[in-house]
Structures are given as structure tokens and as C-alpha cells.
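Student: Could you show me how to read salt bridges and a domain interface in a model like this one?
Tutor: Gladly; let us look together.

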Amino acid sequence: MNRREFIVLGGSAVALASGRIAVAANWPSKSVVVISAYPPGGTSDIIARLVADLLTAKFGQQFVIENLAGAAGALAGGKLARSAPDGYTILISGSAPIAANKVVQTNLAYDPQVDFTPITVVAESPALLTASAKAPAKSLQELIAYAKANPGKINIGNPGAGTKGHICAAIISLQTGIEINHIPYKGSPPLLADLLGGHIDFALDAPSNYLPHIKDGKIHGVAVTSAQRIGELPNVKTVAEQGLKDYNQTLWFGAVGPKGMSPEIVSAIHKAIKEWSDTPAAKAKLASLGLTAVVNTPDEMRGSIEREIESLKPLVKAGLVQPS
């Protein structure tokens, strides 16, 4: 390569780098679509709206929620994968469309490990096992005993196939040998409505929607899936406390962009969410929903996605999570 060719190529590289920085510096110059993978009212959607509001305030452009529920988050994930990586479309969701769908859906139109750019995990919580007023068990031990005496009679609803509620129930089934019928719903609101109405006996889901109804005595808290009890429900024992030693499962909610999204834009969004999550107001708001702020780096989130996917493979192999 001669000196002139080196200068030309070097100049081109600088121009490309400068162009990307300029795009990032001018971003956002218009509204940004925030895809929410579940219907309004559920924990995933609540977090998407909190983040959209904080990003609107931070950047002075509207971050507009677009609810695209269906196929356990696969519709939302597919739209993100087809979106331009220009920073004007992101997805904020629970882990199913961001990770688990790769394992639990056989004809998924995207690969979350290839087609998404990780931004950050935003928050995590345990899943909460709840029982309707007429359920045949009010503790995990009672549920296990009933399931053993009545094979095939335990139905546990979850907000969608591949969600952490589904996974947590499958792990309970694996560790106890009981048969559980997994009933997927299209998000938390219809699941909660059926639980309150006594149309389903048990639900496993993020806690936020269920807390007021437990406190009012309309439904019962059976168990939390994390290693520690949660502050909002100090009297509800963990799964481990009720006999399943070392059981510890949490669910997380995160933000991702399309493949090839500018690192500068990723960094800007990550920084804004991190600054917000460190405030007392954010911590208090999340705690009221049974959530904890857990803002990690894009590389760390990539690891979260990989671990979620790998943790599901033994359940699929054992036939406890059926790919659909």
C-alpha cells in the first residue's frame, strides 16, 4: 500500500467514525418507539413506561410506548429484529422475548443472541406463586401434597409461555416430581382477572399486580421464588423455606435494540437508566412493585441472556418445557 492509498483509506475511516459520532450526537432528533411486548398493566409494561418517561425527560424527545403483545413476546421481538439500528426503536420487556423464546419457540423468526443489541437489565424480582380464594392449597407443601394425591389436577397460570413464571413452575415440577399443567395467558392482567374470579387456582408471575389483592385478602401469597423474602410480603415464605433446598429463581426486565445499534446511543441510554436507577425515588418506586434496580453493562446483559437460555435447556430435555 502506498502513502496516498494509506491517507485515503485512513481519511475514509475517520470520516466514517466521525459520521457515526455525529449521528449519535444528534440523537434523538425525533420520537423514539419503545416496544412493550405485553399488554398494558403488567409488570413488564409498567417498567417499559417508567423507562420511556425517564428517557423522554432526559433527552427532550418523546419515547412512545407501542404495545405489541402476542406469541409470548415473539411479535415484539420480531418487529425489533426487523427495525433499523438507528436508535429510534428499542424493546423493553421481561426476559421471554429477549432470551427464553430462543429455546421455547420452534419457529422463532429471530435469534435474540444475534439480532439484538443488549443495552441493560433494568430491574429484577422474584416470581410470586399465588392462590385463588378457593384453591385447594395455601402453602407450597399443601400444593405438592395435593398434586401427588391428585395427579394432573394442578393448573398454574403464567403470563406467557417461556416467561419466568412458566420456568419457575417447571423447576418446581422437576425438583418435586409433581405434574403441573402450565396455562399460558396473554400477559398478567387476564391471568390476574381469572385468579381473582376463581377460574384458575394458582398463578406464577411477577409480584406487582398481585400485591394489593394479597393485602386485601382476595388471593393468597403461597411462595416467592428468590432466596430471600420480599419486603412487601414479609410473611410469605420462599420456595426454599418450604422444602426445596437452594431454590432461587429471579426474573429480569431489560432493554435491547436491533443488531448493529450505535455503541454511542447504547451508552447514552444505559447511562440515563443507570442515573435514574440510583435515585431514591426510583428505588422506592421499584420496591413498591416488588422490584429491585439491577442495571448492568451491555456486555453483562449479554451474559444474562446466555445464562437464561442455557438454564432452559435441561427443562426442555426433561420434557417439562415444551417448545411450541
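**Salt bridges and a domain interface**

Tutor: E310 and K313 are about one helical turn apart because they sit three residues from each other in helix α12. Helices here are DSSP runs of H or I with at least four residues, strands are runs of E with at least two, and both are numbered from the N terminus. This is a predicted model, in which local features need pLDDT of at least 70 and side-chain atom pairs count only at pLDDT 80 or more, while totals for chains, interfaces and linings use all residues. Residues are numbered from 1 along each chain as its sequence is written, and side-chain values use heavy atoms, with hydrogens and water left out.

Student: How far apart are the closest N and O atoms in the salt bridge of E310 with K313?

Tutor: A salt bridge is a side-chain nitrogen of Lys or Arg within 4 Å of a carboxyl oxygen of Asp or Glu. For E310 and K313, the closest N and O atoms are 2.8 Å apart.

Student: Is D45, the partner of R49 in a salt bridge, buried or exposed?

Tutor: Buried means under 20% relative accessible area, exposed over 50%, and partly exposed in between (1.4 Å probe, protein chains only). D45 has 1% relative accessibility, so D45 counts as buried. R49, at 33%, counts as partly exposed. Their side chains meet at 2.6 Å, N to O, and the two residues lie four apart in helix α2, about one helical turn.

Student: Which parts of the chain does the salt bridge between E66 and K79 link?

Tutor: The side chains of E66 and K79 meet at 2.6 Å, N to O. This pair links distant parts of the chain, with E66 in strand β2 (residues 63-67) and K79 in helix α3, 13 residues apart.

Student: Which residues of helix α3 are buried?

Tutor: In α3 (residues 74-82), the buried residues are A74, A76, G77, G78 and L80.

Student: How much area do domain 1 and domain 2 bury between them?

Tutor: Buried area is the accessible area (1.4 Å probe) that two parts lose on being put together, summed over both. Domain 1 (32-125 + 251-318) and domain 2 (128-242) bury about 1500 Å², 68% of it on carbon and sulfur atoms. On the domain 1 side, T43, L251 and L315 lose the most area, together 28% of what that side buries. The domain bounds come from an automatic or database domain assignment.

Student: How many salt bridges cross the interface of domain 1 and domain 2?

Tutor: The rule finds one across that interface, whereas a search of the whole structure finds nine.
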